[in-house]
Amino acid sequence: MRTGTIPRVLGTAAALAALLTTALAAPAVAERSTTPGGAPARAAAPANFTHPGVLVSRPQLDFVRGRVQAGAQPWKSAYDQMMGSKYASLTRTAKPRAVVECGSYSNPNNGCTDEREDAIAAYTLSLAWYITQDSRYAQKAIQIMDAWSAVIKDHTNSNAPLQTGWAGSSWPRAAEIIKYTYSSWPGSGRFGTMLRDVYLPEVTNGSHSNGNWELSMTEAAIGIAVFLEDRAAYDKAVGKFRGRVPAYIYVTADGSLPKVAPGSGLDSRAKVINYWQGQSTFMDGLSQETCRDLTHTGYGLSAISHIAETSRIQGQDLYPEIADRLRHAMGLHAKHQLGTPVPSSLCGGSLKDNLGPVTEVGFNALANRLGYAMTNTQTLTERQRPAGSNNLFVAWETLTHANNPA
């Protein structure tokens, strides 16, 4: 918070009074913002990018291939689930269009489902290629990516930023695997141009809607930055991440109110509580969307773990910065999804829906790599195996991240 300069002629008591008056007159939570303007506090982009390096790395992929070939569980059942899905079909026909128009609640839905599912299919096929080394899967992934890069020009209507974030999260995962592990992809340059011209401008500046929007958009931005080897875009995405995560997950160290994202305009207690779905009692792990429903909360937690996973692969691990928040959030929501009664102080005693197949990546990083005890999250994660796809931007994470030490 910026205060005015106190004239030197004021006595000590007067100066103190002036400072107190200035502080009390300021907006109640304005000083709670993190990095001003969403800019990164420090450079984050690696000197040399690691490829493939969006959500999954080559050592991770090698681990998965070895486990599947050995018939080990849970990877073999997760692989069978993936290969039996519509996304692994070698007869899939892409459905690209020049303008994808997405309104609220999927009205209208002009190409939105087609785009998201084609992007997931490209990622699925790229995983199938790597595990089987059957070039038919790589060729089908390329066919889908080339079809879209030849046609798409824009996303429109109210859900355009979120749609771009969802599809833009899946495309770079697929593109990274194909470009850096398959023998030839002549159209990779045009695909990169599509990501730079159509997707990145829509997601790079974030959103002040519900937090899952900006987190998904930031996931897309960091994945695109890796594929394009764009250090400025990468740094900007990390800046958004560092501003948004503390404003999405509350921990008691934050004080009486949650933090707010830079530029949010949430400058009073009433505005913050309204933004947090009317919740006025805050506890470790509460998310900005908990009292909306667990499904949207799951979107946010998933995007957080995906961004941190990509950063880890790229050599600057963001997990330690957000580990306390993420572990508390996963644990709180897992506990209640598993059946622990919801206290009246939390969302009026009732939670809606469920998190979805979103806990594998964060659980593997926090529990297996960093050593946090996460009993509730472990129980939920193992109960949900094999985790499939939410048909938006999450897919096959038991296969790629369950107990993956790489």
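What share of the contacts in the protein chain with a separation of 6 or more is accounted for by residues 24 or more positions apart? In this predicted model, such residues account for 78% of those contacts.

**The chain as a whole**

The secondary structure of the protein chain consists of 15 helices and 5 strands. The chain has 406 residues, of which 56% count as buried. Its accessible surface amounts to about 15,600 Å², and carbon and sulfur atoms contribute 50% of that area.

**Packing around helix α12**

Two packed helices are described by the angle between their axes and the distance between the axes. Helix α12, residues 319-337, can be described in this way against two partners, helix α13 (residues 360-369) and helix α14 (residues 375-383).

With α13, α12 packs at an angle of about 110°, and the two axes are 10 Å apart. Angles of 65 to 115 degrees count as roughly perpendicular, and α12 is therefore roughly perpendicular to α13. The crossing of these two helices is left-handed. On the α12 side, the contact is made by Tyr319, Ala323, Leu326, Arg327 and Met330. The α13 side contributes Val361, Gly362, Phe363, Ala365, Leu366 and Arg369. By class, the residues of the contact between α12 and α13 comprise 8 nonpolar, 1 polar and 2 charged.

With α14, the axis of α12 comes within 8 Å and crosses at roughly 60°. The helices α12 and α14 are therefore oblique to each other. Their crossing is left-handed. Here Met330, Gly331, Ala334, Lys335 and Gln337 of α12 meet Asn376, Thr377 and Leu380 of α14. The residues of this contact divide into 3 nonpolar, 4 polar and 1 charged.

Met330 takes part in the contact of α12 with α13 and also in the contact of α12 with α14.

**Individual residues and their surroundings**

Apart from neighbours within four places in sequence, Ala138 is in contact with Trp129, Ile178 and Tyr182.

Gly206 is placed in the loop between α7 (188-203) and α8 (211-228). Not counting residues up to four places away in sequence, Gly206 touches Glu214, Met217 and Lys240. Gly206 and Ser216 are 10 residues apart in sequence, and the distance between their C-alpha atoms is 9.2 Å.

Arg385 lies in the loop between α14 and α15 (397-401). Why does Arg385 count as buried? The cut-off for this class is a relative accessible area under 20%, and Arg385 counts as buried because its relative accessibility is 19%. With neighbours within four places in sequence left aside, Arg385 is in contact with Pro74, Glu360, Thr398, Ala402 and Asn403.

**Backbone features in loops**

Most residues other than glycine have a negative phi, and most peptide bonds are trans. The table lists departures from these two patterns.

| Site | Feature | Value |
|---|---|---|
| Gln73 to Pro74 | cis peptide bond | omega near 10° |
| Asn107 to Pro108 | cis peptide bond | omega about 5° |
| Ser106 | positive phi | phi near 60° |
| Asn391 | positive phi | phi about 65° |

Pro74, which is among the contact partners of Arg385, is found in the loop between α2 (58-69) and α3 (75-83). Pro108 belongs to the loop between β3 (99-102) and β4 (109-110). Ser106 is likewise placed in the loop between β3 and β4. With a relative accessibility of 47%, Ser106 counts as partly exposed.

Where is Asn391 located? Asn391 lies in the loop between α14 and α15, the loop that also holds Arg385. Asn391 has a relative accessible area of 32% and is therefore partly exposed, whereas Arg385 counts as buried.

Notes: Residues numbered from 1 in each chain as written. Predicted model: local features only at pLDDT ≥ 70, side-chain atom pairs only at ≥ 80, totals over all residues. Heavy atoms only, no water. Axes fitted to C-alpha atoms, helices over the stretch in contact; angles between N-to-C directions. Helix = DSSP H or I, 4+ residues; strand = E, 2+ residues; numbered from the N terminus. Parallel < 35°, antiparallel > 145°, perpendicular 65-115°, else oblique. Left-handed = near helix turned anticlockwise from the far one by under 90°. Contact = heavy atoms within 4.5 Å. Nonpolar A, V, L, I, M, F, W, Y, C, P; charged D, E, K, R; others polar. Buried < 20%, exposed > 50% of the residue type's maximum accessible area, 1.4 Å probe, protein only. Areas by Shrake-Rupley, 256 points an atom, 1.4 Å probe, with all protein chains shown as cover.
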